[in-house]
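Please have a look at the slide while I get going.

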Amino acid sequence: MTPAFVIPLWADLLAVGIGAAQGALFAAQFRDRRLDLLGVAIIGIATGFGGGILRDLLLSEIPAAFLSNWYVLVATGAALVGMLLERLISRLGVLVNILDALTIGLFAAIGTTKALAFGLPVVPAVFLGGLSAVGGSILRDLLLNRPIALMHVGSLYAIAAIAGSASLVVLLSAGVPVFIAAVICVAITFTVRVLAVLFNWSLPEQKAITTVPRIRRRSRGDDATR
């Protein structure tokens, strides 16, 4: 059984706070929705630790966010700060993207190792690690009644998390200690995410096959000449 990668409480709360602030910052842009303070706080909380809640529910465990008073308090406070300081935070786009990439890596590492510690096979563990990293953004879009951004052409958000989770599984199978494997997972996720933002990388857009090659039917004349 693989031991779970555990980070200090302050680091986990920092990741939750960054996610919550970003969720509130995103929601505050939709002024036509006329969200009140409670609405912004709920969206921030969902973005901050939504992925962790989905992960723990799928593992049939009480969500870690409900085992401490600090998670809800930090997520709520960060969401309100993100809403009130929208203009200031928007100017720090580069810093926010860097912290966001770090947060994705941390959640991916935690989710993957926790899934492995519960005895899940490697493929579901990688999926659960990716879900832990991007689940908050999915809940955010659902609450805002928007198309889920994850499913549209854009920067490699989920791909970065899956790449990090997959690397962690490979390293653990090779006997690498869980802490070192988790650090490499965070580094790979961070690198892929940052490069995707800098160079505007994205997956190819879906396209239908419009032309199908036609197979030439043999005539009796062709058979006679053979």
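This is a predicted model: local features need pLDDT of at least 70, side-chain atom pairs count only at pLDDT 80 or more; totals for chains, interfaces and linings use all residues.

I'll walk through the overall layout, then a few helices, some loops, and the side-chain contacts.

If you read from the N terminus on, the elements simply go α-α-α-α-α-α-α-α-α. The chain has 226 residues, and buried ones make up 45% of them.

Okay, let's start with helix α6, which covers residues 122-143. With 22 residues at 1.5 Å a residue, α6 should span 32 Å, and its end C-alpha atoms are 31 Å apart, so the two agree. The helix also has a bend in it, of about 50°, at Val 134. After α6 comes Asn 145, and its phi is positive, near 55°.

Now try the check on helix α7, residues 157-173. Which residues of α7 are buried? Among them are Tyr 157, Ala 160, Ala 161, Gly 164, Ser 165, Leu 168, Val 169 and Leu 172. To make sense of a list like that, keep one rule in your head: an α-helix has 3.6 residues a turn, so residues three or four places apart point the same way. Just after α7 there's Gly 175, with a positive phi of about 90°.

Val 123 and Val 169 are 46 residues apart in sequence, but their C-alpha atoms are 9.0 Å apart in space. Val 169 is one of the buried residues in α7. Val 123, on the other hand, has a relative accessible area of 62%, so it counts as exposed, the cut-off being over 50%.

Next, the loops. Most residues other than glycine have a negative phi, and most peptide bonds are trans. Keep that in mind for the next two residues. Ser 60 has a positive phi, near 55°, and it isn't a glycine. Ser 60 is found in the loop between α2 and α3, and it's exposed, with a relative accessible area of 71%. Then there's Asn 200, also not a glycine, with a positive phi of about 55°. Asn 200 belongs to the loop between α8 and α9, and it's exposed too, at 64%.

The structure holds one aromatic pair. That pair is Phe 199 and Trp 201, and it's stacked, with 5.9 Å centre to centre and 20° between the planes. Are these two buried or exposed? Phe 199 is exposed, at 53% relative accessibility, while Trp 201 is partly exposed, at 39%.

Back to the loop between α2 and α3 for a moment. Ile 62 lies there, and at 55% relative accessibility it counts as exposed.

Last topic: charges. How many salt bridges are there? Searching the whole structure turns up five. One of them joins Lys 114 and Glu 61, at 2.8 Å from N to O. This pair connects distant parts of the chain, with Lys 114 in helix α5 and Glu 61 in that α2-α3 loop, 53 residues apart. Lys 114 counts as buried, at 15% relative accessibility, and Glu 61 is partly exposed, at 30%. Both belong to a network of salt bridges that also includes Arg 55 and Asp 56.

Then look at Asp 141, which has two partners. It meets Arg 140 in a salt bridge at 3.1 Å, and it meets Arg 146 in another at 3.3 Å. Arg 146 counts as partly exposed, at 24%.

That's my tour, so over to you for questions.

Conventions:
Residues are numbered from 1 along each chain as its sequence is written. Side-chain values use heavy atoms; hydrogens and water are left out. Rings of Phe, Tyr and Trp (its six-membered ring) pair if their centres lie within 6.5 Å; planes under 30 degrees apart count as stacked, over 60 as edge-to-face and the rest as tilted. Buried means under 20% relative accessible area, exposed over 50%, partly exposed in between (1.4 Å probe, protein chains only). A salt bridge is a side-chain nitrogen of Lys or Arg within 4 Å of a carboxyl oxygen of Asp or Glu. Helices (H or I, at least four residues) and strands (E, at least two) are DSSP runs, numbered from the N terminus. The expected span of a helix is 1.5 Å times one less than its number of residues. The bend at a residue is the angle between axes fitted to the seven residues ending there and the seven starting there.
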